[in-house]
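Please look over the sequence and the model below.

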Amino acid sequence: MGIHILWDSEAPAGIELPVIRMIAMILGEEAELVEYPLLIDGYDRDRNQHDAQKILDRLQDTLTRRYDIDGPLLFVTSRDLYTGGCDFVFGLARPRAGVAVVSTARLGNDYYGRVPDDTELIDRTAKEGAHELGHLLGLGHCSNPECVMFRPQTLDELDRKKKMLCPVCREALAPLQEG
């Protein structure tokens, strides 16, 4: 099966491979960078953000149906995302369709007026990517704030997460990976 990661041309360049390797390590799954043409939908001018659900719609309708993609697909974009009822989201998954999206817009230090740091951007993107892919692999949210499957509400909560699944989530994932 394996994990497929589609990197938006506007997403930060040069960090793709470290992020992909880290995601593969966290989830214990092979991951590969894939290239497909994708039109990004869902821009809301009033919010200056993209609707994550509309991006998932496009991923589901265009990519998974047009191309023979066997396994979960994660789209990494630099566009700021929101979904109904939330001012923003770091990412969103649609497990039934096998697609997820992660935004780097609020993962970089520069968004918060801090000194840019690629290492932190790589760590955050990998943790959030692994989190959304974990949903595609069958995991839910975890109450352990250090587990990658914990749902962070802030950048500080995301930074507190470790680049690993807790023992409970690792155990829950094992039979899902075998099947």
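Is Y112 buried, partly exposed or exposed? The model is a predicted one, and in it Y112 has a relative accessible area of 33%, so Y112 is partly exposed. Its partner is Y111: the two rings form an edge-to-face aromatic pair, with 5.0 Å between centres and 75 degrees between planes. Y111 sits in the loop between β9 and α3. Y111 counts as partly exposed because its relative accessibility is 40%. Leaving out residues up to four places away in sequence, Y111 touches A105 and R106.

Y111 and L74 are 37 residues apart in sequence, and their C-alpha atoms are 23 Å apart in space. L74 belongs to the largest nonpolar core, which has 36 residues; I5, I23, L27, L74, M149, L165 and C169 are the members that touch the most others. At least two residues of this core come from each of β1 (3-7), α1 (16-27), β5 (73-77), β9 (99-103), α3 (118-136), α4 (155-160) and α5 (167-178). L165 gives a view of the packing: setting aside neighbours within four places in sequence, L165 is in contact with I26, L27, L139, C147, V148, M149, R170 and L173. There is also a second, separate core of 16 residues, and V34, A52, L92 and V101 are among them.

The cysteines come next. A search of the whole structure finds 0 disulfides. For C142, the nearest cysteine sulfur is that of C166, 3.7 Å away, and C142 is in no disulfide. C142 counts as buried because its relative accessibility is 13%. What keeps C147 from a bond with C169? The sulfur of C169 is the closest cysteine sulfur to that of C147, but the distance is 3.7 Å and therefore too far for a bond; a disulfide needs the two sulfur atoms within 2.5 Å. C147 has a relative accessible area of 1%, so C147 is buried.

Back to the rings: the whole structure holds 2 aromatic pairs. F88 has 24% relative accessibility and so counts as partly exposed, whereas F90, at 4%, counts as buried.

How values were computed
Residues are numbered from 1 along each chain as its sequence is written. This is a predicted model: local features need pLDDT of at least 70, side-chain atom pairs count only at pLDDT 80 or more; totals for chains, interfaces and linings use all residues. Side-chain values use heavy atoms; hydrogens and water are left out. A nonpolar core is a set of buried Ala, Val, Leu, Ile, Met, Phe, Trp, Tyr and Cys residues joined through side-chain atoms within 4.5 Å. Buried means under 20% relative accessible area, exposed over 50%, partly exposed in between (1.4 Å probe, protein chains only). Helices (H or I, at least four residues) and strands (E, at least two) are DSSP runs, numbered from the N terminus. Contact means heavy atoms within 4.5 Å. Rings of Phe, Tyr and Trp (its six-membered ring) pair if their centres lie within 6.5 Å; planes under 30 degrees apart count as stacked, over 60 as edge-to-face and the rest as tilted.
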